[in-house]
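Dear colleague,

Please find the structure below, with its sequence. My notes on it come after.

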Amino acid sequence: MAVNLSAADVERLRRGSTAVATLGPVGTDAHAVADGLFSDVVLTESFAAAMAYGAQHDTYALVAAGFLERGEADVVDSWVDLHFRSMDRMLLATIWESSTKTMCIATNMRRVDTLDDVRRIAIHPATAVFARKYAPQASIRYANAKPIAVEWADQGEVDACVGSLDVVRKAANLVVQEVFTPTMVWCLYQPRAWGQRGPRDPEPTGPPRSGALH
């Protein structure tokens, strides 16, 4: 995945730390972007957890500006809430726009034949516009990450999903119906304490690593 940062910018960021925390599991857009920039990627269960990890372990945190977390009816968290909550601990280091991984809407072949048949779709809240565009009649089940939405659809818990094309293609029961490649704005945060002292290498503790080192 291409990242719209200059080589000088990337080198400057890596002087701060070679580690970054961001949203997992493996296969998220956040994982792909982080893996292209840093040698040590820590995957967490939420962007809020990534920010907390960055503050605690003296590393960067990568957050999508468009992220939302929600239950069936209410928004639980958002980028702006996380940004304001973290002001005393984390500082915005840089921001850029880049294409996401290619996305798609896919259906479970064992449950439905076409998008018109879809009655229940799993999505990440930030991709709701695509669910409304391609399956406006469907009720929505929200996941905190697109790979989880894909898993639910593949297991037959819902009729369809919006997910990354590479992840969907690995699912045995899903058929790709539509393909699209939007862009996302990415926010890279650094510990605010770096303003008072130089950054240090993170301790080798915390959530599982992605295993992708450059």
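Predicted model: local features only at pLDDT ≥ 70, side-chain atom pairs only at ≥ 80, totals over all residues.

Residues are numbered from 1 along each chain as its sequence is written, and side-chain values use heavy atoms, with hydrogens and water left out.

Overall

The secondary structure comes to 7 helices and 12 strands; helices (H or I, at least four residues) and strands (E, at least two) are DSSP runs, numbered from the N terminus. Of the 214 residues, 51% count as buried (buried is under 20% relative accessible area, exposed over 50%, partly exposed in between, with a 1.4 Å probe and protein chains only). The protein exposes about 9,900 Å², and carbon and sulfur atoms supply 51% of that area; accessible areas come from the Shrake-Rupley method with a 1.4 Å probe, and for residues only the protein chains shown count as cover. Among contacts (heavy atoms within 4.5 Å) with a separation of 6 or more, residues 24 or more positions apart account for 69%.

Sheet with β1 and β2

An open sheet of 5 strands has the order β2-β1-β3-β12-β6, with mixed pairing; two strands pair if DSSP finds at least two bridges between them. β2 and β6 are at the edges with a single partner strand each, so one side of each has no neighbour in the sheet. Direction ignored, neighbouring strands here are turned by 25 degrees against each other on average (axes are lines fitted to C-alpha atoms, for helices over the stretch in contact, and angles run from 0 to 180 degrees between N-to-C directions).

Strand β1 (residues 19-23) pairs with β2 in the parallel sense over 5 bridges. A21 stands opposite V42 in β2, and the bridge partner of T22 in β2 is L43. In β1, 5 of the 5 residues are buried. The count for β2 (residues 40-44) is also 5 of 5, so this strand is largely enclosed by the rest of the structure. In a regular strand the side chains alternate between the two faces of the sheet. In β2, D40, V42 and T44 point one way and V41 and L43 the other, and all are buried.

Further along the sheet, β3 (residues 60-64) and β12 (residues 183-191) pair in the antiparallel sense over 4 bridges, with A64 opposite W186 in β12. Two helices lie across β1, β2, β3, β6 and β12: α2 (residues 29-37), at about 170 degrees to β1, and α3 (residues 47-57), at about 160 degrees to β3.

Sheet with β7 to β11

Another open sheet has 5 strands in the order β9-β8-β10-β7-β11, and its pairing is mixed. Its edges are β9 (139-142) and β11 (174-180); each has a single partner strand, so one side of each is left without a neighbour in the sheet. The twist averages 30 degrees from one strand to the next.

β7 (residues 103-108) and β10 (residues 160-164) run antiparallel and are joined by 5 bridges; I105 has V162 as its bridge partner in β10. Helix α6 (residues 146-154) lies across β7, β8 (120-123), β9, β10 and β11, at about 140 degrees to β10.

Surface patch

V80, F84 and M87 make a nonpolar surface patch of about 280 Å². Patches are made of residues with over 30% relative accessible area and no salt bridge, like charges being joined within 9 Å and nonpolar side chains (Val, Leu, Ile, Met, Phe, Trp, Tyr) within 5 Å; a salt bridge is a side-chain nitrogen of Lys or Arg within 4 Å of a carboxyl oxygen of Asp or Glu. M87 is in the loop between α4 (79-85) and β6 (90-99) and is partly exposed, with a relative accessible area of 44%.

Regards
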